[in-house]
Amino acid sequence: LDRLITDISELSRIDAQIARTRFESIDIGTMITELLRFRVDRGQNGDVTIAFARPAKGSTRVMGDAGRLARVIENLLDNAISFSKPGDVVRISATRDGSLIRVCVDDDGPGIPETARESIFERFHSDRPDSHEFGRHSGLGLSIARTIIEAHGGEIRATGREAEKTGA
């Protein structure tokens, strides 16, 4: 219940706060490196390894709100880990694609049916196997991520992995 209340509160504040936020230059690669170090220190990854394809320093600079963009990365990692088995690897990369920065988070979980790849970004949507603990997921993490990314002029989407590989 506490997680749900926190996520609802956060979602309701994002639009108003981001409109008043002064964007600053952020190196996404450095931000992800720091996030990953803190996650390891806090034991947030459980029995899952996160592999980061670190870009060249300074090559992934973007104008934005560092705290909000960090929240997006955290939400994506938490989601990928929640669908991973102990010993799995979640992969994250950040690359420049023209004037955009592309961040990809890959997991080996069950994947997302093509028909559900848009609905997972809806508020309170949660499509998890019965084995996942009730109440650990508010169904708002990906909705929060989309709200933040769109407020930064970007886009977020879910895709399947290459043929014959599970995951998203």
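This is a predicted model: local features need pLDDT of at least 70, side-chain atom pairs count only at pLDDT 80 or more; totals for chains, interfaces and linings use all residues.
Visitor: What makes strand 2 and strand 4 a pair?
Guide: Pairing needs at least two bridges. Strand 2 and strand 4 (residues 89-97) are joined by 5 bridges. Therefore they count as paired. The two strands run parallel.

Visitor: What lies between strand 4 and strand 5?
Guide: The two strands form a hairpin with 2 residues between them. Gly 98 sits in the turn, with a positive phi of about 70°.

Visitor: Why is the pairing of the sheet called mixed?
Guide: Strands can pair either parallel or antiparallel. Here strand 2 and strand 4 run parallel, while strand 4 and strand 5 are antiparallel. The 3 strands form an open sheet in the order 2-4-5, and its pairing is mixed. What makes strand 2 (49-53) and strand 5 (100-106) the edges is that each pairs on one side only. Neighbouring strands are turned by 15° against each other on average, direction ignored.

Visitor: Which helices lie across these strands?
Guide: Helix 2 (residues 28-42) lies across strand 2, strand 4 and strand 5, at about 165° to strand 2. Helix 3 (residues 66-82) also lies across strand 2, strand 4 and strand 5, running at about 145° to strand 4.

Visitor: What makes the largest nonpolar core a core?
Guide: Its members must be buried, meaning under 20% relative accessible area, and joined through side-chain atoms within 4.5 Å. The largest such set has 31 residues. Ile 28, Met 31, Leu 77, Val 90 and Ile 92 have the most contacts inside this core. Helix 3 gives the largest share, 8 residues.

Visitor: What is Val 90 in contact with?
Guide: Contact means heavy atoms within 4.5 Å. Beyond four places in sequence, the partners of Val 90 include Ile 50, Leu 77, Ile 81 and Val 105.

Visitor: How do helix 3 and helix 4 meet?
Guide: Their axes come within 9 Å and cross at roughly 150°. The crossing is left-handed. Leu 69, Val 72 and Leu 76 of helix 3 are among the contact residues, as are Leu 142, Ile 144 and Ile 148 of helix 4. By class, the contact has 8 nonpolar, 3 polar and 2 charged residues.

Definitions and conventions:
Residues are numbered from 1 along each chain as its sequence is written. Side-chain values use heavy atoms; hydrogens and water are left out. Helices (H or I, at least four residues) and strands (E, at least two) are DSSP runs, numbered from the N terminus. Axes are lines fitted to C-alpha atoms, for helices over the stretch in contact, and angles run from 0 to 180 degrees between N-to-C directions. Buried means under 20% relative accessible area, exposed over 50%, partly exposed in between (1.4 Å probe, protein chains only). A crossing is left-handed if the near helix is turned anticlockwise from the far one by less than a right angle, and right-handed if clockwise. Ala, Val, Leu, Ile, Met, Phe, Trp, Tyr, Cys and Pro count as nonpolar, Asp, Glu, Lys and Arg as charged, and the others, Gly among them, as polar.
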